[in-house]
Amino acid sequence: MENTLVIKNATLETVCGITSKLPENTLPEFAFAGKSNVGKSSLINGLLNRKSLARISSQPGKTQTINFYNINSELYFVDLPGYGYAKVSKEVKEKWGKMIERYLTSSEELRCVFLLIDIRHEPSKNDREMYDWIVYNGFDPVIIATKLDKIKRSQKDKQIKIIKQTLNAKPGTKIFPYSAVTKQGKDEILSFISSMIS
Ligand SMILES: Nc1nc2c(ncn2[C@@H]2O[C@H](COP(=O)(O)OP(=O)(O)O)[C@@H](O)[C@H]2O)c(=O)[nH]1
Ligand SMILES: [Mg+2]
């Protein structure tokens, strides 16, 4: 069997606000980005077998923090603040951008940035900007197409194609369809993470 990542323990270790100093972690980091409501908290909880370690937000756009989850004292999951929430001010959006930029440019241990896209929809302008921004900072974004249970199986390939085309994704870009409801895709994502640290 392929190697996988067995979650033995997971704790929220560091929460960084707009002005906090980022931790100088020495374990590999895997970051998760995406617009608010895309299913980021649900994905993190699902991967970690936890119901609500990463809060599933009833108030989208509220959490403007970067959260570091220590997994097995082996690696970190880094939950980046969600973007694209219409009701936040321009000022907050700018601060948000600076905060993510600061993280992407300063982390010494960032191995991979996952970009979450709702499998039902064509990626937005914000999604495309985020994709380009990750590339600009020297990473190959790995796409997680969320809410797989919300489409018919027959639509999957077409939606994946639309996502890749709209993001203008580089050939060979990895894309993992995932459902927080059925947990489809979970093993593939954990195996991929495991392969990145071994
Ligand atoms: N059907 C379905 N709903 C999902 C899935 N992932 C997230 N959701 C729902 O989408 C909403 C936003 O999820 P959340 O994880 O808080 O998104 P976040 O804002 O990106 O952290 C919640 O109502 C979740 O229950 C999924 O895979 N399938
Ligand atoms: Mg969330």
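**View 1. Phe192, at 10% relative accessibility, counts as buried (under 20% relative accessible area; exposed is over 50%, partly exposed in between; 1.4 Å probe, protein chains only).** The model is predicted, with local features needing pLDDT of at least 70 and side-chain atom pairs pLDDT 80 or more, whereas totals for chains, interfaces and linings use all residues. Residues are numbered from 1 along each chain, chains are lettered from A and ligands numbered from 1 in the order written, and side-chain values use heavy atoms, without hydrogens or water. Phe114 is likewise buried, its relative accessibility being 0%. Phe32, Phe77, Phe114, Phe176 and Phe192 make up one aromatic cluster.

View 2. Rings of Phe, Tyr and Trp (its six-membered ring) pair if their centres lie within 6.5 Å, with planes under 30 degrees apart stacked, over 60 edge-to-face and the rest tilted. Trp96 and Trp133 form a tilted pair, 6.2 Å from centre to centre with 55° between the planes. Because Trp96 lies in helix 2 and Trp133 in helix 3, this pair ties together parts that are 37 residues apart in sequence. Trp96 is buried, at a relative accessible area of 10%. Phe114 and Phe192 have ring centres 5.9 Å apart and planes at 75°, so their pair is edge-to-face. That pair links strand 5, which holds Phe114, to helix 5 (residues 186–197), which holds Phe192, across 78 residues.

**View 3. The largest nonpolar core, of 33 residues, in which Ile66, Tyr103 and Met130 touch the most other members.** Helix 2 gives this core its largest share, five residues. A second, separate core of 27 residues includes Ile44, Leu47, Phe77 and Ile144. Such a core joins buried Ala, Val, Leu, Ile, Met, Phe, Trp, Tyr and Cys through side-chain atoms within 4.5 Å; helices (H or I, at least four residues) and strands (E, at least two) are DSSP runs numbered from the N terminus.
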